[in-house]
Amino acid sequence: MVQTRRDPEQRPSPEALLEAARREDSRAGRLKIFVGAAPGVGKTYEMLQSAHARKKAGADVVVGVVETHGRAETEALLKGLEVLPRRRLAYKEQTLEEMDLDALIARRPQIALVDELAHTNAPGSRHPKRYLDVEELLSHGIDVYTAVNIQHIESLNDVVAQITHVRVRETVPDKIFDRADAIELIDLTPDDLIQRLKEGKVYVPKQAERALEHYFSPGNLTALRELALRRTAERVDEQLLTHMQANAIDGPWAAGERILVCVSEDPRAAGLVRYTKRLADRLHAQWTAISIETRRSLQLTDEQRDRLADTMRLAEALGGEVLTIPGVGRRIADDVIHFAHANNVTQIIIGKSTRSWWFELTRGSVVHDLVRRAGNISVHVIAGDEEGVAKPAVQTAARQEAFNPRPYLMALLFVAIGLGAAELIHPLFGIENVDLVFLTAVVSVAARFGLWPSLLASVAASLCYNFFFMPPVYTFTIADPTNIAAFFLFMLVAVLVSNVAARVRSQADTAIGRVRTTELLYAFSRKLAGTATLDDVLWATAYQTALMLKVRVVLLLPEEGMLTVKSGYPPEDQLDQADLAAANWAWSNDRPAGRGSDTLPGAKRLFLPMRTGRGAIGVIGIDDDRTGPLLTPDQRRLLDALVDQGALAIERVLLVEDMDRVKRTVESDRLRGALLTSISHDLKTPLASVLGAASTLRDLGTGLNDAQKNELLATMIDESERLNRFIANLLDMTKLESGAVVPNTARHDIGEIVGSALRRAGKILVHHKVSLELGPNLPMLELDAVLFEQVLFNLLDNAAKYAPPGTTISIRGARDQGRVLLQILDEGSGIPPEELESVFDKFYRAQKGDHVRPGTGLGLAISRGFVEAMHGTISAANRVDRRGAVITIRLPIPVASNALDTAA
């Protein structure tokens, strides 16, 4: 948290006061987190000891959930504490225990102990994650003690995976860690933790052996320990800074190093930034680069502005925090010192002054002021290197403004009007008030037209004052020596007033211009944030760039190893050879190329690489009908901002596409594995049965009676039909996924299709009772009879697999407003609630205990595809009257049928 506003009265920071007020809010509980580098360091043990200490002090302490993992010393600490019974949840024929959140809230203790903050709750719980339970407890005013290992912090997930080669799936958002009121680090050396592991105090012996071989190596534990120490130190440092700002404490408190580098338009500033980066890396410290914006900043040349902008971009690229703050003090050193005190900066880096002694004598020295006023802050004065920033690779057009005589003529007109007003008031108020009229005219010109017209107005007003009002009048002669001083004093005041008014106008114009640019950039960023596809991002980037810079824009992205035009404004799909060569060079070398650059300047367009933290992701090209450089320095800086925002948006979309591609790859691998597993079982089993029966008939046919032969032949036929259904399902699913299934619909009686499906499934249903309950006067439906019969056959086959023999499979049909409902009900064990949607996934097969039902897992997936192709819906649920599952098909009634029914 960086405090940039200057408060000359050293009042507390409003942001810090709000944070302190939030933490002191009596309605919200306080959160204390016990952090460890790895399992077994003693987080739960320390949490229980702290709970006992608070209980002895009179606090009401209740254990919501604590996992002892069978450790005797931890279990012993539970004695003497109130432990709430856990809530039991049924899941996949198992009983899981979770913290009873409602009972804990109703009990409303002063302190609740909730172990394993990153835990994932069982399905059926109110919250999917335990840290959400903790947030609800805090919202009810209950203080919470909890524990977590450092590898569960979300922002460190990738780092931990790189160190341990283990991806942690259960994570806690950083906001939970950052909102903690207190953090206690439980630290244990790697050797001591490994010894505890060998003694069986962390895992059982077999688990301990595996852990020692993989996760609990000395190197892993040392790295995790450093992560825990650093993350905890960062949080403590933030708390210290908030405390100082909330209480208006003048820093620094050197509890941790914070480095500040002062950046200006000086050519050596880039060297200062690189020195600061090296120093921060050695000290493992945070660092910030600031630029103080003063009145002198408005007088910088275009080259100096470009140099300052490049230096700030360099600081940002090197990982520093970059800030430009307005100078509100009399001296730049005052603003730097105040920023340093407000943000607990311990070291300041500034460049050595090269100005003359006369300049420092008349205008002061920032370096000397900073050294004298720094107090306890260390100040590093560095000579720097003038070769720090490379020469710009793109030429920019100088600001050429054609001479406009109108402001000067208007300045003379304002003076003439002032002269007329002075002639009117002179007889009434005397010469003493005439000069105020002329000063008013001068100020008006300065505020409206700027410095040079106001200087002309000052000279003209002085001459008019002398010629018309100072005796002898109508001459430029001054008779009275005292009037000479009055005349020159008037002229000096007029020039000073015009200069001040013109400066205010210039600052106002600059501020208005920045506000407009900021509003456009903000609108652009919002537009990019709302786009979800790559084409929309590219179009928005091209359009906004063309609109703000008045140029033609083309965007190129790599595709199959070659740059390809992806968007443009106005739309353009082709580039000539010179432009294409410049674009490829800019992409390959990550530098500008083309018109106005030092590489391939003969191209029609100027091409600049679009970069992010991952490198170049594309190229933008711009051109217009003018000759010479395309952009002014201000426009070049604006283009950099637009390109940066566009590049980040493109990277975001590409990352989303990469994630989707990875998910599809993972899903494809899963389906491939499921298909191979299915083929290995469901294709091999019927083939083995057919082969066995055929071999028996061949080898033992003469010794078998007719009944045995008929049984073997029936086995061959049944298994062949089973194999045929399996292959048909695979073919149907292939057709569905390729979009080759086009229903041949016609009006059919649903009762006839049901009867045909029952006859076809007769062998499958031989061990079950079938109940058919179709409502009267069901309308004709637009169906593909073949496809719908296959749907019913798959559903009946599925019901027969999961319903015990001897039970009833029911088929019910009824009319429901504008639809016909057809239900297949069985009397099996039903479907787990969390799997009601999964049953329609490809290759999904329900598992009961250790037994998986035979089948491909494609039947219901094919049924859904066929039903949806006929504009119907299919869903799964559990019966409410008894155990069992129910599959419901809803089919629309054709309009003509509705009309006929109404007429009837």
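Me: What is the mean pLDDT of the protein chain?
Reply: The structure is a predicted model, and pLDDT expresses the predictor's confidence in each residue. In this chain, 81% of the residues reach 70 or more. The mean pLDDT of the chain is 79.

Me: In which strand is confidence lowest?
Reply: Confidence is highest in strand β6 (residues 111–114), at a mean of 93. At the other end, pLDDT stays under 50 over residues 848–853, a stretch with 10 contacts beyond four places in sequence. Residues 899–904 are also below 50, and this stretch has two contacts beyond near neighbours in sequence. The strand with the lowest confidence, at a mean of 42, is β25 (residues 851–852).

Me: Which helices each supply at least two residues of the lining of the largest cavity?
Reply: A search of the whole structure finds two cavities of 30 Å³ or more, and the largest has a volume of about 60 Å³. Its lining includes Pro190, Leu193, Leu221 and Arg225. The helices that each supply at least two lining residues are α8 (190–198) and α10 (218–246).

Me: How many residues of the lining of the largest cavity are nonpolar?
Reply: Among the lining residues are Ala37, Ala38, Val41, Asp187, Leu188 and Thr189. The lining divides into two charged residues, one polar residue and, as the remaining class, nonpolar residues numbering seven.

Me: How many of the 18 residues of α25 are buried?
Reply: Helix α25 (residues 785–802) reaches 26 Å from its first C-alpha to its last, close to the 26 Å expected at 1.5 Å a residue. The helix is mostly covered. Of its 18 residues, the number buried is 13.

Me: What is the relative accessible area of arginine 167?
Reply: Arginine 167 is found in the loop between α6 (157–164) and α7 (174–178). Leaving aside neighbours within four places in sequence, arginine 167 is in contact with Asn157, Asp158 and Ala161. Its C-alpha atom is separated by 9.3 Å from that of glutamine 151, 16 residues apart along the chain. Arginine 167 is partly exposed, and its relative accessible area is 38%.

Conventions. Residues numbered from 1 in each chain as written. Predicted model: local features only at pLDDT ≥ 70, side-chain atom pairs only at ≥ 80, totals over all residues. Heavy atoms only, no water. 1 Å grid on protein atoms, 1.4 Å probe; cavity = no way out; pocket = protein on both sides within 12 Å on 5 of 7 lines; lining within 4 Å. Points joined across faces, edges and corners; volume = space filled by probe spheres on them. Helix = DSSP H or I, 4+ residues; strand = E, 2+ residues; numbered from the N terminus. Nonpolar A, V, L, I, M, F, W, Y, C, P; charged D, E, K, R; others polar. pLDDT = per-residue confidence, 0-100. Contact = heavy atoms within 4.5 Å. Expected span 1.5 Å × (residues − 1). Buried < 20%, exposed > 50% of the residue type's maximum accessible area, 1.4 Å probe, protein only.
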